[in-house]
Amino acid sequence: MEETVFHEDKTFSNINYAETKLRDREFVHCTFLNCNFHKSDLSDNSFEDCVFQNCNFSMTILNGAGMRDVTFIECKVLGVDFTKCNKYMFSFSFTNSFLDYSVFYGRKLKNTKFVGCTLKEVDFSETDLSGSLFDNCDLTDARFLNTNLEKADFRTARNFTIFPEANKMKKAKFSVLNLSGLLSHYNLDIDNDISIS
């Protein structure tokens, strides 16, 4: 068994990890800038209080990987199965990132911040998103089923479809302008133009 390589307070810039395996590494307070992790295998590695900025994280394999207080900024995080991560080291924030086709099924994401992100066809089924923020996010075809959305903030989110009867929604926040995302399955004719002639 290889000895774990420990990295702390380091910056990694412009490194191409694409389709490579990283093993037995632990990163604490590290920053990754303009790095390519496309289809790389990060299984069983640990990332704590790390920042990924302008990185390609698409299709990255995370089997058993620990990710605590990890921040993604302006990253491509497409098609990542986050259900494979270590559930005891699992907390994130996402800013101006693409998370389309990723999977968070059954995970705890309480108070997670998604800011300016696209989340097309992301699977949030059975996920605890209570207290989370979806600020200016595109949720086209994102899946919410048996999801805890209590106190979640969707006021500036768009293109979502959420069935209130299929999710926990107490005190969730919405704007009057995006309420149609809660009503679309009722086949109602909703007119946003309230002027009456």
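**Note on strand pairing, core and charged pairs**

1. Thr71 stands opposite Ser93 of strand S8. Strands S7 and S8 run parallel and are joined by five bridges; strands are understood here as DSSP runs of E with at least two residues, and helices as runs of H or I with at least four residues, numbered from the N terminus. Two strands are said to pair if DSSP finds at least two bridges between them.

2. This is a predicted model, in which local features need pLDDT of at least 70 and side-chain atom pairs count only at pLDDT 80 or more, while totals for chains, interfaces and linings use all residues. Residues are numbered from 1 along each chain as its sequence is written, and side-chain values use heavy atoms, with hydrogens and water left out.

3. Strand S5 (residues 46-48) pairs with S7 over three bridges in the parallel sense, with Met67 in S7 as the bridge partner of Phe47. Strand S6 (residues 51-53) also pairs with S7 in the parallel sense, over three bridges, and Gln53 has Ile73 of S7 as its bridge partner.

4. The largest nonpolar core has 50 residues, of which Phe32, Phe52, Phe124 and Phe154 touch the most other members. Such a core is a set of buried Ala, Val, Leu, Ile, Met, Phe, Trp, Tyr and Cys residues joined through side-chain atoms within 4.5 Å. S7 and S8 each supply at least two residues of this core. Apart from its neighbours within four places in sequence, Phe124 is in contact (heavy atoms within 4.5 Å) with residues including Phe104, Phe114, Phe134 and Phe144. Arg143 and Thr147 are also among the contacts of Phe124.

5. The whole structure has zero disulfides, a disulfide being a pair of cysteine sulfur atoms within 2.5 Å. For Cys55, the nearest cysteine sulfur is that of Cys75, 4.8 Å away. Cys55 is buried at a relative accessible area of 3%; buried means under 20%, exposed over 50%, and partly exposed in between, with a 1.4 Å probe and protein chains only. Cys85 is buried as well, at 3% relative accessibility.

6. Three salt bridges are found in the whole structure, each requiring a side-chain nitrogen of Lys or Arg within 4 Å of a carboxyl oxygen of Asp or Glu. Arg23 and Asp41 form one of them, at 3.3 Å from N to O. Arg23 lies in the loop between strand S2 (11-13) and strand S3 (25-28), and Asp41 in the loop between strand S4 (31-33) and S5, 18 residues apart. Arg23 is partly exposed at 31%, whereas Asp41 is buried at 11%.

7. Arg68 and Glu48 form a salt bridge at 3.6 Å, N to O. Arg68 belongs to S7 and Glu48 to S5, so this pair ties together parts 20 residues apart in sequence. Arg68 is partly exposed at 30%, as is Glu48 at 27%.

8. In the salt bridge between Asp153 and Arg155, the closest N and O atoms are 2.7 Å apart. Asp153 is buried at 12%, while Arg155 is partly exposed at 45%.

9. Asp100 sits in the loop between strand S8 (90-95) and strand S9 (113-115). Asp100 is buried but has no salt bridge, and the nearest side chain of opposite charge, Lys120, is 5.0 Å away. Lys and Arg count as positive and Asp and Glu as negative, with His and the chain ends not counted. Beyond its neighbours within four places in sequence, the contacts of Asp100 include Val77, Gly79, Thr118 and Lys120.
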